[in-house]
Amino acid sequence: MGNNASFNVQMEAPKGVPADHAKHVSAGGSPPPECPMHQKQGGDNKSASAVPPHPKMQQQASECPVQHDNSDVNPLNMMPPANQQPSPGQPFALPTDRQTSTIPKVTEDGSTQFWQYPSQQMFWNAMLRKGWRWKKEDVDQKDMGDIIRIHNANNEQAWQEVLKWEALHAKECGNPRLKSFGGKAKDFSPRARFRSLLGYELPFDRHDWIVDRCGKDVRYVIDYYDGGLVDKDYRFALLDVRPAMDSVDNVWDRMRVTYMRWRYELTDKFASNDKESSKASASD
């Protein structure tokens with residue numbers, strides 16, 4: 001693709017979403033760290049109305065880990081206290097309510113907990129920590145709600161893609177959980193670099209998620225590509241999710257899926273040709 005976008009999804013954007021929403025979601029190439037999609041560089045993702053409540057959300061929900069050097073971080077998940085305080089000179093007030101995701105997390109005692117998304121105030125503070133500075137033409141109070149919805153929808157979408165891969169191991173583990181994650185916006189994956197050499201655009205973001213497969217750590221690579229305008233469910237990113245090629249099991253899974261895709265595509269193609277041949281014979 002090069003300068004031409006590899007994906008051109010024409011959808012209606014929800015009112016109030018800024019045209020450069022991808023920039024705000026990625027916070028200048030390294031998304032803010034308050035959720036399953038965001039963490040500081042170097043580590044190995046809707047609002048309350050955007051993500052449906054999980055049937056087990058009455059269980060305790062967990063904060064999202066962030067890599068910090070502070071002494072008051074949680075040693076289990078490296079989580080600092082949530083910063084819900086308005087920043088100095090903040091132009092408008094932002095809500096501090098948080099949405100619990102449908103993504104289960106690893107806990108020390110094995111209890112059922114789910115990752116918790118950042119509030120609008122936390123997201124704002126995270127963008128400031130990344131070096132972003134507010135300008136009147138950038139975002140307004142309404143935009144922040146839409147940015148949070150976009151950001152959270154990306155996380156939910158990524159987890160659903162991970163579960164498709166984990167279905168290959170459903171017999172050995174029926175309850176995979178997200179253990180940790182890391183943002184690597186500028187550390188492009190080998191596949192993304194190879195696609196770039198072929199003329200396709202590079203992803204606007206990348207994350208590595210570590211999934212606990214009932215005691216076994218499995219790393220997933222997620223490349224986020226700009227899919228065009230935001231749809232009614234606040235989705236715009238096209239995700240390329242796959243197990244990292246850092247273990248024999250992961251390589252084998254990718255080979256299996258490649259074969260299955262090739263097989264079913266070939267089967268569909270032959271089936272379509274047979275139908276066309278039958279129609280042609282009937283018309284003769």
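Arg 206 is buried, with a relative accessible area of 7%, and in this predicted model its side chain forms a salt bridge with Asp 187, the closest N and O atoms being 3.8 Å apart. Arg 206 belongs to strand E4 whereas Asp 187 sits in the loop between E3 and H4, so the pair ties together parts that are 19 residues apart in sequence. Asp 187, for its part, is partly exposed, at 39% relative accessible area.

**Salt bridges**

- The structure holds 15 salt bridges, and one of them joins the side chains of Asp 223 and Arg 242, with N to O at 3.0 Å.
- Because Asp 223 lies in strand E5 and Arg 242 in strand E6, this pair ties together parts that are 19 residues apart in sequence.
- Asp 223 counts as buried at 0% relative accessibility, and Arg 242 is likewise buried, with a relative accessible area of 4%.
- Salt bridges that share partners link Lys 184, Asp 187, Arg 206, Asp 208, Arg 219 and Asp 246 into one network.
- Within helix H3, Lys 142 and Asp 146 lie four residues apart, about one turn of the helix, and their side chains meet in a salt bridge of 2.7 Å, N to O.
- Lys 142 is partly exposed, with a relative accessible area of 44%, whereas Asp 146 is buried, at 0%.

**The sheet**

- Four strands form an open sheet in the order E3-E4-E5-E6, with antiparallel pairing, in which E3 and E6 are the edge strands, each pairing on one side only.
- From one strand to the next, the twist averages 25°.
- E3 and E4 run antiparallel and are joined by six bridges, and the bridge partner of Arg 177 is Asp 212 in E4.

**Nonpolar cores**

- In the largest nonpolar core, which has 24 residues, Trp 209 and Tyr 224 touch the most other members.
- Two or more residues of this core come from each of helix H3 (141-166) and strands E3 (177-183), E4 (205-213), E5 (216-226) and E6 (237-243), with H3 giving the most, five residues.
- Another core, of 11 residues, lies apart from this one and includes Phe 92, Leu 94, Trp 124 and Val 139.

- In soluble globular proteins, nonpolar side chains tend to be buried together.
- Leu 197, found in helix H4 (residues 190-197), counts as exposed because its relative accessibility is 75%, and exposed means over 50%.

Note on methods. Residues are numbered from 1 along each chain as its sequence is written. This is a predicted model: local features need pLDDT of at least 70, side-chain atom pairs count only at pLDDT 80 or more; totals for chains, interfaces and linings use all residues. Side-chain values use heavy atoms; hydrogens and water are left out. Buried means under 20% relative accessible area, exposed over 50%, partly exposed in between (1.4 Å probe, protein chains only). A nonpolar core is a set of buried Ala, Val, Leu, Ile, Met, Phe, Trp, Tyr and Cys residues joined through side-chain atoms within 4.5 Å. Two strands pair if DSSP finds at least two bridges between them. Axes are lines fitted to C-alpha atoms, for helices over the stretch in contact, and angles run from 0 to 180 degrees between N-to-C directions. A salt bridge is a side-chain nitrogen of Lys or Arg within 4 Å of a carboxyl oxygen of Asp or Glu.
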